[in-house]
Amino acid sequence: MNTLHKNYFEKPVVLSVIVPYFNEQEVLPECHSRLTAVLDALDDRCEIIYIDDGSSDNSKVLVESFPVSGCDVISLGLSRNFGKEAAMSAGLEHCRGLAVILIDADLQDPPELIPSMLEEWRKGFDVVNMQRSHRHGESWFKRFTAASFYRVLNSMAQLKVPENVGDFRLLSREVVDHINRLPERNRYMKGIFSWPGFKQSTLQFERDARFCGETKWNYLKLFGLAMDGITSFSIRPLRIATVLGALIACTAFVYGSIIVTKTVMYGEAVSGYPSMMVVMLGLGGIQLLSIGLLGEYIGRIFIETKARPLYLVQSISEQPAKQHTTFLKAMA
C-alpha cells in the first residue's frame, strides 16, 4: 500500500485548477465541495490553487481549514488587493499541472464541466474556451454592454478575442509557460490568453447566477477593464484620433477659405456668435477627448517603465492530498 501511495505521488500533476477570490467566505465552502467532488473522481493527480487577493474577511482562514481531499490544495495569500488580473497571474506562475484551468469562486462557472474540458485537451487542443450561451442572473444592460465591448475590441485589436468567453478556460502547459514569460504590467488577461494562439477548441455552456453574495465588479471597474483591454492590444484609437483631427483641420481650412472669400467679395456684418460657439465647443471637446486618450497610453507607459512586480506573496500553505498524508503517516 505504501508503494502505491509513493508511486502515485511520483506522477506529475496533470491538472491545476486556479481559483482567485476576494471576500468570498459565503461561497467558498460550496465551491470547494463541488470542485473536489469533480477532481476526486478523476484518475489523474490534481491540485487546487486558491489565490487570496487581499481579502478582508475570513476567506483565507476558511480555505486553509478545508478538510483533506484527494488532491493537493495550495493557498497563496497576496499582501494586499492587487486585482483579479494579478491574482490569476500569480496562480499561473505557481501551478505545476500539464493542463491548467481558471475558474471563479462564485460558482457562475460550473466545476462539473472540467471533465469535458480535459477531454478536449486530450484530443490535442492547447486552449479550451468556455463560451457562455446564456448569462443567467445578469441584466439586459450588462449583456448588451458586454456584447458591444467585444465587438469594439475585436474591431480595434490585432488579435481575435473570443466573444462571451470569460476567464473560465483550459490552457496547456506550453501556453502557460509562454504567458508567464510576458513582461507586461498592464494586464488584460482575456486578451493575453488569446495572444499566444495555438490549437483552440470552444465549448458552450449556460452561465449560472452567483451562488450567493454580490459581485465585486461595478460598472466603473468594468469600464476601466474595457479601457485596459483596448489600449493593451491596439493603437488604433490613436490612429482614429489622428484621422479625425486631420478631417477637422481640412474642414476648417475649407470653411475658413469660404468665409474669407465671402467677406472680400460681399462684406460681412458682425454676426454668427451662436454658430461660432458651437464650432469652438465641438473642436474643444474633440481635442480634450484626444488628449485624454493620449493620457491613457502615456499612463500605461509610465507604469511599464517602473517595472514593479505584479503582486507580492505574503504567505503560502500547502495541504497534501489524502493519499500523501496516509503515506507519510505510514512512513512515520
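**Salt bridges and cores**

Author: Eleven salt bridges turn up in a search of the whole structure. A salt bridge here is a side-chain nitrogen of Lys or Arg within 4 Å of a carboxyl oxygen of Asp or Glu. The model is predicted: local features need pLDDT of at least 70, side-chain atom pairs count only at pLDDT 80 or more, and totals for chains, interfaces and linings use all residues. Residues are numbered from 1 along each chain as its sequence is written, and side-chain values use heavy atoms, with hydrogens and water left out.

Start with R34 and E112. Their side chains form a salt bridge at 2.9 Å, N to O. This pair links distant parts of the chain, 78 residues apart: R34 sits in helix 2 (residues 28-40), E112 in the loop between strand 4 (99-102) and helix 5 (114-122). Helices (H or I, at least four residues) and strands (E, at least two) are DSSP runs, numbered from the N terminus. E112 has 41% relative accessibility, so it counts as partly exposed. The classes are buried (under 20% relative accessible area), exposed (over 50%) and partly exposed (in between), with a 1.4 Å probe and protein chains only.

Next, D72 and R45. Their salt bridge spans 3.0 Å, N to O. D72 is in strand 3 (residues 72-78) and R45 in the loop between helix 2 and strand 2 (46-52), so the pair ties together parts 27 residues apart in sequence. D72 is buried, at 2% relative accessibility. R45 is buried too, at 11%.

Then R96 and E318. These side chains meet at 3.9 Å, N to O. R96 lies in the loop between helix 4 (84-94) and strand 4, E318 in strand 8 (residues 313-319), so the pair joins parts 222 residues apart in sequence. R96 is partly exposed at 37%. E318 is partly exposed at 48%.

The last two pairs connect. A network of salt bridges links R45, E47, D72, R96 and E318.

Now the nonpolar side. The largest nonpolar core holds 33 residues, and L15, V19, L39, Y50 and I114 have the most contacts inside it. Helix 2 gives the largest share of this core, five residues. A nonpolar core is a set of buried Ala, Val, Leu, Ile, Met, Phe, Trp, Tyr and Cys residues joined through side-chain atoms within 4.5 Å. Take V19. Beyond its neighbours within four places in sequence, its contacts (heavy atoms within 4.5 Å) include C31, L35, Y50 and I103. Apart from this core lies another, of 26 residues, including L78 and M189.
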